[in-house]
Amino acid sequence: MSENKAAVLAFAKQVAEPAWFTDKRVTALETAKDLALPRFEKIKYQRWPIELTKDPKVVVNSLPQEKRAEITVTDDVALEFGQHTEMIELSDELKAQGVIMCDWQTALKEHPELVQAYFMEAVKDDVNRLNAQHVAKVTSGLLIYIPKNVVIKEPLTSYFIQDATVDQDFVHHVLLIADTNSEVSYLENLQTYGDQTTTASVIVEVFAKAGSHVKFASVDRLGKNTTAYLNRRGHLEQDAKVDWSMGMMNDGNIVGDFDSDLIGAGSHAETKVVAISTGKQVQGIDTRVTNYGRHSIGHILQHGVILERSSLVFNGIGHIIHGAKGADAQQESRVLMLSTKARGDANPILLIDDNEVTAGHAASVGRVDQDQLYYLMSRGLSKDVAERLVIRGFLGPVLTAIPSRKVQNELSDMIERKLVDGQENK
């Protein structure tokens, strides 16, 4: 028996997970050896420490009080620190309606039918090495299930805080299942505590059944010493809708793989991404919408800012499959450069395999408008303040399109912090 397999089996035994899931781990571990890394246009990450090289092990630390004090705890919230579930609060009203929100180990033991039916069905574990490694070594996560016809008015909120006080990979999985004609808003906060050099693998699978509506918002703030693979994918059935709003405020090197599969007729995905890169950081964001269903709609809006010696790549891919009559694929990717040493790329890709469809794209990489800057400075503002106002205006179309006021405010605060830090380090 290989050392890796022995370590996987030892972890599974320690957490007393069901045998069927351990079998999935072992199969994925063996499969990973023969799979290639995923390829993304113009994102050169292959030499990063992005593969999961550490064996899974049980590490259960509690969140330090100073970090806990930074978090605003609301109703219907999940808080996880590494592998440790600090709290999961769900109202009695939602429980009575059959809503489920639980940590990964609880999901495996108490809701195996859901995990078996949906785990790695949107994101396939046999298509690339990173996905297979994730399955073999996942150690934490969350399951959310919204029953048929249940409409949740207030958002469900999660805080996933990577424990970087230990030398251990962060391997986290989220399953969000919105059953027929249900509605839910979900806000995910992804953060790092500690400064160990680590790797993170986070996969989110959203299943929107017929007629359902999911509003997914995230604020990602992984640490400077964390190299991460973030994979979020939606699987949309007939007349389902998913609104994605993602703020990429990370400090380390990141590959973001964000996909929506519009399977059903009339399905609709709106994807909005705002990103800021600073220092020597590299962020590569590959956003794809694939129209399978007739009259399906897929829109992508991405705006990003790069400072200092950092890099930011936006890939926007709209793919209309043969048979998707009446489909609509639109995308806009724009990058604003604040440094001559920075590197930006906005790469639009349209793949059209049928007639009677609508498709379009817009892409640009440029610098701050000097006329706008001069106007603001002529009114007595310093150059740094004027630059920040111009940048806020540039990012405004994405921020205002985000449906959650709370997420808008959080992202505005994060943007201000990143801009101030970037200007101070010029």
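Predicted model: local features only at pLDDT ≥ 70, side-chain atom pairs only at ≥ 80, totals over all residues.
Alanine 16 sits in the loop between α1 (3-14) and α2. Its phi is near 55 degrees, a positive value in a residue other than glycine.

Methionine 120 is found in the loop between α6 (112-118) and α7 (129-137). Is methionine 120 buried or exposed? Its relative accessible area is 5%. Buried means under 20%, so methionine 120 counts as buried.

Now step back to the whole chain. It has ten helices and 19 strands. The radius of gyration is 21 Å, close to the 22 Å that the globule rule gives for 426 residues, so the chain is as compact as a globular protein of that length. Its C-alpha atoms fill a box of roughly 65 × 50 × 45 Å, taken along the principal axes. Of the 426 residues, 58% count as buried.

Next come the charged contacts. How many salt bridges does the structure hold? There are 22.

Start with aspartate 167 and lysine 54. Aspartate 167 lies in the loop between β5 (156-163) and β6 (170-178), and lysine 54 in the loop between α2 (19-32) and α3 (65-68), so the pair ties together parts that are 113 residues apart in sequence. Aspartate 167 has 42% relative accessibility and therefore counts as partly exposed. Lysine 54, at 21%, also counts as partly exposed.

Move on to the strands. Arginine 232 and glutamate 188 are both buried.

Strand β10 also holds arginine 233. Aspartate 259 lies in strand β12 (residues 254-262), so the pair ties together parts that are 26 residues apart in sequence. Both aspartate 259 and arginine 233 are buried. Some salt bridges share partners: Lys54, Asp167 and Asp169 are joined into one network in this way.

Where is aspartate 354? Its place is in the loop between β18 and β19 (358-367). Aspartate 354 counts as buried because its relative accessibility is 9%. Aspartate 354 and serine 260 are 94 residues apart in sequence. In space, their C-alpha atoms are 19 Å apart.

Finish at the surface. Which residues gather there in a patch of positive charge? They are Lys224, Lys280, Arg309 and Lys341. Take lysine 341 from this group. Lysine 341 lies in the loop between β17 (328-337) and β18 (343-352). Why does lysine 341 count as exposed? Its relative accessibility is 53%, and exposed means over 50%.

Key: Residues numbered from 1 in each chain as written. Heavy atoms only, no water. Patch = residues over 30% accessible without salt bridge, like charges linked within 9 Å, V, L, I, M, F, W, Y side chains within 5 Å. Areas by Shrake-Rupley, 256 points an atom, 1.4 Å probe, with all protein chains shown as cover. Salt bridge = Lys/Arg side-chain N within 4 Å of Asp/Glu carboxyl O. Lys, Arg positive; Asp, Glu negative; His and termini not counted. Charge placed at Lys NZ, Arg CZ, Asp CG, Glu CD. Helix = DSSP H or I, 4+ residues; strand = E, 2+ residues; numbered from the N terminus. Buried < 20%, exposed > 50% of the residue type's maximum accessible area, 1.4 Å probe, protein only. Rg over C-alpha atoms; globule rule 2.2 N^0.38 Å.
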